[in-house]
Amino acid sequence: MNRQRSAPAISLRDAVATVHRDTHWWRKCLGYGALAATGIGLPLAAGFVLESLDNSRRGYPTPLPPWGDPSLRFLSGLLALLIDFAFFILPLLIGLLLIVCVGLALLLAGPPGAAATPLALPFIALLAGAASLTMFCCSVAPAGRLRFAREGRIEDAITAETLRWVLGEPQRGVFLRARLASLPAYLPALIAASATYALARLSFPGQSAAIAAASWLTLAALVYAHLVVVQLYVAAERVIQQVRIGV
């Protein structure tokens, strides 16, 4: 008798367990967090996460990628950041540009325009923020990274086709499950970021060092969160594949 295979679960617990199977996971997160804190090293951290995605799709989720060729990892990280820029940062930049242009136009319009400025500008900012939040909830950037890892074509990963693919069936529901499961993974970064903000509002000896350390931990926690997210979306991709073939 033929037995159907069960679909892989989209489980936060399984994703965390997979990352933790590498006993040096915390060292790698701290190391790439430190590199990301320099700004110049941010593509290296993104490349590390992208390589983990590629390895996981090939069936080798652990151990996490070792310290490898920095030039190749830097280049792949730049491409991964380009996907994030296209689907998350760009709406914010467009909103900022609209705020500047509309603000100048209203100010040049005289008293009536100046009176409308306090209402128009927050509304535009709200729309830009809502667009980025929608992209985050729809999982467009992670889906773009999946397409890039699968096809190796950055020009396809950042097109509107990725958005249409994410919003189609069965991808929409599966990716929504993955996004909801991923939210707790960001809590350590949120806590560290809140601590950084709180330290910045205080005044005490060694404040600069404390803020730097808290910022480092924030970025390390973000690297960790993205590693967990990788496992969730790799599982989501497998669910989609099994649904499509009717397994």
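Which pattern does the protein follow, read along the sequence?

**Entry 1: the overall fold.** I began with the whole chain, keeping in mind that this is a predicted model. Reading along the sequence, I wrote down α-α-α-α-α-α-α-α-α-α-α.

**Entry 2: burial, contacts and surface.** Next I looked up some totals. The protein has 247 residues, and 37% of them are buried. I then took the contacts between residues at least 6 apart in sequence, and found that 75% of these join residues at least 24 apart. For the accessible surface I noted about 13,600 Å², with 70% of it belonging to carbon and sulfur atoms.

**Entry 3: helix α1.** Which residues of α1 are buried? In this helix, which covers residues 12-20, I found A15, T18 and V19. Looking down the axis of α1, I saw these buried residues fall within an arc of 95°, so they line one face of the helix. A reminder to myself: an α-helix has 3.6 residues a turn, so residues three or four places apart point the same way. What do the buried residues of α1 pack against? I found two partners, α2 (25-37) and α11 (207-245). I also checked the start of α1, where a side-chain oxygen of S11 comes to within 3.3 Å of the backbone nitrogen of R13.

**Entry 4: helices α8 and α9.** Two packed helices are described by the angle between their axes and the distance between the axes, and I looked up both values here. Helix α8 spans residues 160-167 and helix α9 spans residues 171-182. Their axes come within 6 Å and cross at roughly 85°. Angles of 65 to 115 degrees count as roughly perpendicular, and α8 and α9 are therefore roughly perpendicular to each other. Which residues meet where these helices touch? From α8 I listed W165, V166 and L167, and from α9 Q171, R172 and F175.

**Entry 5: residue A141.** I finished with a single residue. A141 sits in helix α6, which runs over residues 140-151. Is A141 buried or exposed? Its relative accessibility is 13%, and since buried means under 20%, A141 counts as buried. Leaving out residues up to four places away in sequence, I found A141 touching I83, D84 and F87. I also looked up how A141 lies relative to A157: the two are 16 residues apart in sequence, and their C-alpha atoms are 8.9 Å apart in space.

Technical notes. Residues are numbered from 1 along each chain as its sequence is written. This is a predicted model: local features need pLDDT of at least 70, side-chain atom pairs count only at pLDDT 80 or more; totals for chains, interfaces and linings use all residues. Side-chain values use heavy atoms; hydrogens and water are left out. Buried means under 20% relative accessible area, exposed over 50%, partly exposed in between (1.4 Å probe, protein chains only). Helices (H or I, at least four residues) and strands (E, at least two) are DSSP runs, numbered from the N terminus. The arc is that of the directions from the helix axis to the C-beta atoms. Contact means heavy atoms within 4.5 Å. A polar contact is a pair of N or O atoms within 3.5 Å; within protein, one must be able to donate a hydrogen and the other to accept it, and residues adjacent in sequence count only if both atoms are side-chain atoms. Accessible areas come from the Shrake-Rupley method with a 1.4 Å probe; for residues, only the protein chains shown count as cover. Axes are lines fitted to C-alpha atoms, for helices over the stretch in contact, and angles run from 0 to 180 degrees between N-to-C directions. Angles under 35 degrees count as roughly parallel, over 145 as roughly antiparallel, 65 to 115 as roughly perpendicular and the rest as oblique.
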